[in-house]
Amino acid sequence: MTLRPRIGMLALTLELYETLAPGLRSSREAWVRREIVPLLAADADVVFERAVFRRGDLEQAVRQFETSGVDLLVVVLLTYAPSQIALPALLRTHLPILIWNTQELAAVDSAFTTAAMIDNHGVHGTQDLANVLVRAGVPFHYLTSHVSQADGLDELRDFGLAAAAATRLRSARIGRLGYPFPGMGDFAVDTTHLAATLGCAWVNLTVEDYNRRAATSPAPGVAALVADYRAAYEVAPDVTGDELDATARAELALRSVVAEHQLAALTYQFLAFGEDERTVTLPFVAASRLMAEGIGFGGEGDLIGAAGTALLHWLKPPATFSEVFTVDFAGNSLFLSHMGETNVAMARREVPGFDLNVHL
C-alpha cells in the first residue's frame, strides 16, 4: 500500500495584529487554503483549520493533531510570531517537526509595498523559533523555499513520507519463526531497545505451527495457488507437481500466520525447519511473493533486517532482502545472493512467464 502522509499544518500569527491589522490573519489563512493546501494535497492529507496566536490555542491545536494521528507537524509563520508561545507545545510533542519558511511573495522589486511586506514577513519568526528549539534540544527540520519552487516541495514531501514510514514502523509487528542463526551476532538486538526506539513489537512463531498449517491447507486453495504459479512464472521442467503442491501449502501456511498475527514483516531461520521432521519444504516462494505485497522479510532470524525491508518498501518499492556473498573486485561491484528469497516484483517484466499482475 502506498504511503500517504497526514500533515498537520500549524500556522502562526501575532496576537498584536488582531487589533492593529484585524483582517491580516483571515487573509493569510485564505492564502494557505488557496495555495499551500492544494499543493500538498496531491501527495498528502493536510489538516488545517485556522491560524493560532495564543499559547493555549496553539497547545490545543498540537494536541488535536496528535489525537487525529498526523505523521508530521509543519509549522508555517504567516506573520512574525514570538517563539515562546510555541516552545512548550513543541517541546512536549512526539510529532516530527518541519519549519517551512515560505511566503506568497516571490520577489522584492520596484512593485514592493508596505502591504506586501506585512503580508510576507514570517521569516524572522522562523529564525526566532529555530533558535529556541535548538537551545531547548528539540529536533526539527528547517526548509526555506517559495511555494512555487519544486525542489522545496519535493523535500517537504520526502520528509512527510519518511515521517509516515516512521509512524507505521512504530506500530509494526514482526514475526520470527524459529530462532536466530547460532553465533551470528551482527543483527543481535535487545528487543526492549527495539520497542523503545523503533516501536516495533515482535512475535515468536513456531515451526510446529507452520507445519500444522501447511499440512491442513485446503485442497482447493492449494490447486488455485499452483495454477497461479504456472500462470505467473516459467516453471522449471524438473519441478514436479508434488513439489508445487508442497510450495503452495507452505505459502498458504505462511500467509495465514501473517494475517492472524497482523505482521508487517517476518523472519525465519532455515535450520529451525530442518529440526522438525514434519517439514516438507521451506517457504521461499511464499517469502518472495509476500515481499512483493509489502511484507518485509529478513533471513536467519534477523528482526532488524525484516523491519528494514518493510521500511524501504514503504519508502520506495520494491525492496528485497539479500546478502553480500562475493566481492567482484574487477568489476567494482558486489554479488548479492541468498538461499531462495527475493522480491518477485523486482523481476524483469520482459522475461516470458513473469506476469506480475497476477499476484500484486
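## Cavities

The largest cavity has a volume of about 50 Å³. A cavity is a set of points on a 1 Å grid over the protein atoms alone where a 1.4 Å probe fits but cannot get out, and its volume is the space filled by probe spheres set on the points. This is a predicted model, in which local features need pLDDT of at least 70, side-chain atom pairs count only at pLDDT 80 or more, and totals for chains, interfaces and linings use all residues. Residues are numbered from 1 along each chain as its sequence is written, and side-chain values use heavy atoms, without hydrogens and water.

Lining residues have an atom within 4 Å of a point. Those of the largest cavity include Arg-28, Trp-31, Asp-119 and His-121. The second largest cavity, of about 40 Å³, is lined by Pro-5, Ile-7, Leu-40, Asp-43, Ala-44, Leu-156, Arg-157 and Gly-160. Helix α7 gives the most to this second lining, with three residues; helices here are DSSP runs (H or I, at least four residues), numbered from the N terminus.

## Helices α11 and α13

Helix α11 (residues 241-261) packs against helix α13 (residues 284-292) at an angle of about 50°, and their axes lie 8 Å apart. Axes are lines fitted to C-alpha atoms over the stretch in contact, and angles run from 0 to 180 degrees between N-to-C directions.

In the contact (heavy atoms within 4.5 Å), residues of α11 including Thr-247, Leu-254 and Val-258 meet residues of α13, among them Val-285 and Leu-290.

How values were computed:
Helices (H or I, at least four residues) and strands (E, at least two) are DSSP runs, numbered from the N terminus. On a 1 Å grid over the protein atoms alone, a cavity is a set of points where a 1.4 Å probe fits but cannot get out, and a pocket is an open set with protein on both sides within 12 Å along at least five of seven lines; lining residues have an atom within 4 Å of a point.
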